[in-house]
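Student: I am new to this structure. Could we go through it together?
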Amino acid sequence: MPKPVIFTIDDDSSVLNSVERDLRARYGQEYRILPIDSGKAALGYLKRLQQRNETVALFLVDQRMPEMSGVEFLEEAIKAYPQAKRVLLTAYADTQAAIDSINEVRLDYYLMKPWHPPEERLYPILTELLEDWKIHVRLPYEGIRVAGTLWSLSSHQVKDFLTRHQIPYQWLDIEKDSNARQLVEGVSSEGSKLPVVFFPDGKTLVQPDLKELAEKVGLQTRAALPFYDIVVVGSGPAGLASAVYAGSEGYHCIVIEKAAPGGQAGSSPKIENYLGFPTGISGDDLTRRAVSQAKRFGVEILSAQEAKQAFVKDAYRIVRLSDGTEISCHALLVATGASFHMLKMPGAAQLTGAGIYYGAAYTEAMHYKDQNVFVVGGANSAAQGAIYLSQFARKVTVLIRGPQPTASKYLIDALEENQKIELLHNTDLIGVKGMNTLEQIIIKNTISDETQTCDAAAMFVFIGVRPQSQIVSDLVKCDEKGYIFTGADLLLDKKPPQGWTLERDPFLLETSIPGIFAAGDVRFGTSHRVASAVGEGAIAFAFMKEYLKSL
Ligand SMILES: Cc1cc2nc3c(=O)[nH]c(=O)nc-3n(C[C@H](O)[C@H](O)[C@H](O)COP(=O)(O)OP(=O)(O)OC[C@H]3O[C@@H](n4cnc5c(N)ncnc54)[C@H](O)[C@@H]3O)c2cc1C
């Protein structure tokens, strides 16, 4: 596929040459840099690009040009390439025009001339815009294609995995698209094995497991070293925060993730209560930023690798992965978070991925356009899911077990204001029905005991969470639900727990085994919030550092 284009337009040839040189130096590998000396000529060129089905990622345009101003050019150009990012090059005198154009052409940024040094004044801005463009752009399709049915769990898992890794793909529903069906039949002899993933190099994977898929799309699944200063299990906000601090201070750090980075926060359509983002930030955006930050500091992040067990050997803390390999370290952080409870009623397991989804509003929501869907749960995650789904569904009914949702006030207000959302209080889900896909659900009012059967295209379940502490549950002290005790919670009559071998008490966020720490939703006493997880990850690193110094 041809490289996406970065257009730069300036009538002053010395400025144009200088921008071109700076752009080429940083982005030339990934993008085609097209310098043009007038807006009119550039519009002609755009037409040719459209005919060749090429993509434009960014327009970097001088505002002050004789034939056509930068804003006038952008007005025309975005008709052809609405997804391209727009940056205006301005002099101080053009500031007002630039500010006006923020609304007129949805300008993304205006840069003051001169922009030197580009490392400080040009690249950080353009890189962020281009990263954002990459995530949201719909490329003319020559990329990965996933062919399956809406009702196959493994199709859902593959789509979810790619989405959570922010890897673009095209979904081909073989029930609706006969060409796609033929394509699948040509590859999967059994026909029933779905999905089939088609790659641009002509290779295919039939019903791949996530590790196979991760390797094929170029994600890291194996550690580069046998030993690290710090191993972090789990790449939710707690794990990533700790890794960023560890990497930034020069420690060898690796993060092991069984699914995709971001954890629960990564599946949030909009986090509105995280400091510094007054209009909210989506979980995938926050994750993308955190992953780039960690990688920039040299942290390795393994995807689709489950940590199965942690154990201690002398001064080493060792993690065994699902493929049998072992990674050892001096300090281990368990940041494995929590997962939603699964429904236990008859039929629910078979319909998972075929109409019943656990918190996966993101990947499946748009398939339920103009249909009636249900959300189970009344906490923040359920409320966000309902609000997100209401953008697509005809109606979203939220089943709340208690008399009120337990979500934060701003979310309850949003639920109540939303015309498409109905809240059913004091309501229990008691049954699910459907042959191959979810068709109906049975609900009961817990006050009147009245039951009701409702047609349901899909149901998104956000009920309760349980800690994912299995890798250390035999090793460190946990409460009866599996939440890991740390720091002062381990002390009994001011004394450290039985078996504790050191003179000092456990550090804050240290577990009952020296050198093994826990942070975030998996920890006893945490507050199940993004900010708490991030804070705990950072604090855990500070104490891991103390621990490492003591070795
Ligand atoms: C839909 C939704 C919306 C939310 N919205 C908000 C909000 O608006 N504001 C807010 O403050 N909070 C919100 N939360 C809560 C917040 O996301 C969590 O409190 C936070 O993500 C906890 O972070 P964590 O790092 O402790 O764990 P998690 O985010 O749960 O991450 C843990 C990670 O560890 C991985 N893992 C688990 N076990 C293993 C293993 N054995 N091997 C390898 N990897 C493993 C998991 O796959 C996961 O990626 C929301 C949660 C959900 C589900």
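**The ligand and its shell**

Student: Which elements supply at least two residues of the shell around the ligand?
Tutor: They are α10 (237-248), α11 (263-266), β16 (338-340), α14 (380-389) and α16 (530-549). Helices (H or I, at least four residues) and strands (E, at least two) are DSSP runs, numbered from the N terminus. This is a predicted model, where local features need pLDDT of at least 70 and side-chain atom pairs count only at pLDDT 80 or more, while totals for chains, interfaces and linings use all residues. Residues are numbered from 1 along each chain as its sequence is written, and side-chain values use heavy atoms, without hydrogens and water.

Student: Which element gives the largest share of the shell?
Tutor: That is α11, with three residues.

Student: How many residues surround the ligand?
Tutor: There are 35, and the closest are Glu257, Gln264, Asn273, Gln384 and Asp521. A residue counts as near if one of its heavy atoms lies within 4 Å.

Student: What does Gln384 do there, in terms of distance?
Tutor: A polar side-chain atom of Gln384 lies 2.6 Å from a ligand oxygen atom; a polar contact is a pair of N or O atoms within 3.5 Å.

**A backbone detail**

Student: Changing topic, where is Asn426 found?
Tutor: Asn426 sits in the loop between β20 (421-424) and β21 (427-433). Its phi is near 45 degrees, a positive value in a residue other than glycine.

Student: Is Asn426 buried or exposed?
Tutor: Asn426 is buried, at 17% relative accessible area. Buried means under 20%, exposed over 50% and partly exposed in between, using a 1.4 Å probe and protein chains only.

Methods:
Polar contact = N/O pair within 3.5 Å; in protein donor to acceptor, adjacent residues only side chain to side chain.
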